[in-house]
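Please load the model in the viewer and keep the selection panel at hand. The tour begins with the terms required and then moves from one selection to the next.

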Amino acid sequence: MMLYALNMIQPVGEKPPPEALEKVMAELGVIRRDLEAQEAWVFGRPLHGPEASTVVRCRGDEIVAMDGPWTEGKEFIGGLMIIQVRDLDAALQVAARYAKATGLPLEVRPFQGGSD
Amino acid sequence: MTVEQVFREEHGRAVAVLVRVFGDVDVAEEAVQDAFAEAVRRWPVSGPPPSPAGWIITTARNKAIDRLRREAVRDGKQVQAALVGDVEPVEEGVVRDERLRLIFTCCHPALAPQARVALTLRLLGGLTTAEISRAFLVPEKTMAQRLVRAKGKIRDARIPYRVPEKEDLPERLSGVLAVIYLVFNQGYGGRDELAAEAVRLGRALAELMPDEPEVLGLLALMLLIESRRPARMVDGELVLLGDQDRGLWDRALVAEGQALVRRCLRMNRPGPYQIQAAVNAVHSDAARAADTRWDQILKLYDQLMVVAPTPVAALNRAVAVAEVEGAGAALAIVDELDLPGYYLFHAIRADLLRRLGRVGDAAAAYDRAIETVENEAELAFLKRRRSRLP
């Protein structure tokens, strides 16, 4: 089995209205239950927006924490799921369900050393 | 059979079998190379074995096992070294054809389009990296990196090595056909070996998926276009279909292509490649250019516009409209199309304007075509055409 991260790519700015969001959340719940039933679900959560981000970095010997995201962009990772499936085709099928439910693009990336 | 012939015919199959056995493209490729190197040493002395393909595959498998065992021992992985011995045996003679899986791996949509073409030529066609880079006019180092990256992605992202499931098959198959047709078109501009390779891949696919009409349609299309190769260039100059010496056409390829078109018609599941093949079959039917049944061709393009309404299809349809209804009607269609970067758009427009006596507009259109064309022979052709305007 292989581990894949599905990164949900979200545009900065407008949020969908609550009633639309409710429908999406219900749909996401269905997908999650399906994945759990197939023992493909590992982890998944939506993330707060970049306004809640803090960056920690080394400056010489000093550690500095700063407000804000790592890079300012038009898009950010709005949530991530980790799934365990047999190959890329299976991962792409799951990503397709998320893309359909949310209308957002997803980046599918394999974890290193994730196969057995 | 010489080693070279066996290499051409069997390289793809051997790599495909080895990929299944070892689950790794690099291991398979190296082992098959080692086996062919061994064949070059041995066959001239001892003569080719009764089943050359089986010999290559068995030898490659043994070479791969030796190599993996050596590496495992070197890295202190004794257990793994022992396990390598359990690789399933390959029976000489009856070798299951694994090429189909490998084609779908090489043409996987998760790979970059250029990488799909390069991998297909490398693994299935057995072309060297140097040959592929020459064909696509990129530096060898760039092509080598592209191949390494693609193979790395197959391994790391675990792009599966299998024929897609039924619901994905039509889409994935059309991706495979697009790769083969792209290779063929790369060869159209004079790089004969690529066209030949595309036909070879097309034949292999038709053998592996004989019930897929679009697979047969693509093969028919390539064969019919290929049949005109001897007539297409005369003294290094491009000759248009209407002006070609039809006696030079390869009749065997024409007959084979037309038989495939008839087989597609019986299957009655039309698709873009089949329809384009049928158009070419109509051209092949005409003993003289003047005998061409343009009415039939127009009907076929009407059908193509229903199943695959692309601007390029509309442009080709306009050429048929010019013959059936006149250049004016065709120009009206062409002027509605948005294909500014496509040299054939400008070339066809230029020809229609010429036929309508609009010489100045025709010259301007030829200039646009000359700016956008890439192929040398086509460039020379367009310049000649432009210089002949009154």
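Two residues are taken to be in contact when they have heavy atoms within 4.5 Å. This is a predicted model, in which local features need pLDDT of at least 70 and side-chain atom pairs count only at pLDDT 80 or more, while totals for chains, interfaces and linings use all residues. Residues are numbered from 1 along each chain as its sequence is written, chains are lettered from A and ligands numbered from 1 in the order in which they are written, and side-chain values use heavy atoms, with hydrogens and water left out.

**First selection: Gln303(B)**

Select Gln303(B), which is found in helix α15 (residues 294-307) of chain B; helices (H or I, at least four residues) and strands (E, at least two) are DSSP runs, numbered from the N terminus. Gln303(B) counts as partly exposed because its relative accessibility is 32%, where buried means under 20% relative accessible area, exposed over 50%, and partly exposed in between (1.4 Å probe, protein chains only).

Proceed to helix α20 (residues 376-387) of chain B, where Arg384(B) lies. Is Arg384(B) buried or exposed? It counts as buried, because its relative accessibility is 17%. Display Glu237(B) and Leu238(B), with which Arg384(B) is in contact once neighbours within four places in sequence are set aside. The side chain of Arg384(B) reaches the backbone oxygen of Leu238(B) at 3.4 Å.

Show both chains together: 12 residues of chain A are in contact with 12 residues of chain B. The two chains bury about 920 Å² between them, 42% of it on carbon and sulfur atoms; this buried area is the accessible area (1.4 Å probe) that two parts lose on being put together, summed over both. On the chain A side, select Arg86(A), Leu88(A) and Asp89(A), which lose the most area to chain B and together account for 50% of what that side buries.

Which residue forms a salt bridge with Asp89(A)? The partner is Arg172(B), with the closest N and O atoms 3.4 Å apart. A salt bridge requires a side-chain nitrogen of Lys or Arg within 4 Å of a carboxyl oxygen of Asp or Glu, and the rule finds three across this interface.

Terms used: Polar contact = N/O pair within 3.5 Å; in protein donor to acceptor, adjacent residues only side chain to side chain.
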